[in-house]
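Let's take a friendly tour of this model, starting with a pair of charged side chains. Have a look first, and then read on.

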Amino acid sequence: MTDPSAPTPSLLRHPGLVAAIGARALSSFAGQVQAVAVGWQIYALTHSAAALGFVGLAQFLPMMACIFPAGHAADQYNRQRIVVICQSIAMLAAAFMAYASFTHQLSAGMIYGLVAIFGACKAFEMPAQQTFLPSIVPPALFPRATALSSSLFQAASIAGPSLGGLLYGLGAGVCYSLCALSFAIAALATWSMVMTRPVRPRQKATLAAIFGGIAFLRRKPTMLGAISLDLFAVLLGGATAMLPMFATDILHAGPWGLGLLRAAPAVGALLVAAILARHPLGHHAGRWMFASVAVFGVATILFGLSRSIGASVLMLAILGGADVISVMVRGALVQLGTPDEMRGRVSAVNMLFIGSSNQLGEFESGMLAAVMGPVAAVVLGGIGTLVITGVWMGLFPGLRKLDRLEDITTDTL
């Protein structure tokens, strides 16, 4: 960690930073509230568990189909305008859902279609939005800015589902109205940002250009190692997918226990992110990343073996906190180690890897649990994470030797 006695440069004085991280947190908060309301409403309309799965599929498919063109668009056009357009479309869609809910006209088919619109908007919004911080703060402050942004993001992840569940008692239309308001404020905040806009060369939308992020990562083994390490850790350590089974059958904690288990990773992540915002990682960032993934694996194993709700919540909080360190190192590598004209496409690949690993991790954990039980599935996933950590330390020595995040440039990787 850095020396606490060292003078701390002012972070929030940079124009546009508060608007950038505030807009990201608000957009995430609206998405969390919407997810809770859609889940409750679609089940109330259909009484079908499969319908809940179709909601996820309706959002996932357009997101995956659009992600590479979205990354190319972020490198060709005004990124700020792209994000404002996406947040404005999301606001209009949420407002329509609110109106249709209040007037009792919202059907399951309409929900699937509107959720697909949200997925496509998210695909275009995220690669452009993730490029904002390097354009606002200097590299020396980037790790702290990332930690601060992550703190607000985690706070939104905690507050969104909780408030969404409470407001749903007043009706789904109330939830969607809050979503529309949040998206509107996020769009205004994004529009108000002060950013430098370097002139980027225009490229035709060829396959080579659209998939240029993949080609770039193949030439950057340190960056590729960080992204793939996080991918496999999330893929193998998918304990969160098993939380309903653990709460019901193993911990016998009931719905209140499930709520604690679901909140624990976000609470741990919020605490660690808040600490890193004040005391960012100093030297040996690569070692910190490998150590955090190893802690993630150990916490996953101990969670699988725990029979106490208190110990289980603690392990999930540690798991969430360790994940933040990995996310911060990977984010610094992707944003600071990538030329501005490539950041959108590389961010799109990063988003694809992490997004797909979450989805596939839940699928892998569910299938494995069906074969050998939830405890064995979670413990085996944690062991697999530790094995991958050891293998990756040997395969990517540049990542292991990575020192200060603020020293990362396109020439150092």
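What do the side chains of Lys122 and Glu125 meet in?

## A pair within one helix

They meet in a salt bridge, at 3.6 Å from N to O; the term asks for a side-chain nitrogen of Lys or Arg within 4 Å of a carboxyl oxygen of Asp or Glu. Lys122 and Glu125 are about one helical turn apart because they sit three residues from each other in helix H4 (residues 108-129). Helices here are DSSP runs of H or I with at least four residues, and strands are E runs of at least two, numbered from the N terminus.

Lys122 is partly exposed, at 22% relative accessible area, while Glu125 is buried, at 3%. Buried means under 20%, exposed over 50% and partly exposed in between, with a 1.4 Å probe and protein chains only.

## About the model

This is a predicted model: local features need pLDDT of at least 70 and side-chain atom pairs pLDDT 80 or more, whereas totals for chains, interfaces and linings use all residues. Residues are numbered from 1 along each chain as its sequence is written, and side-chain values use heavy atoms, leaving out hydrogens and water.

Asp230 is buried at 3%, and Arg330 is buried at 7%.

## The whole chain

The chain has 17 helices and zero strands. Buried residues make up 52% of its 413 residues.
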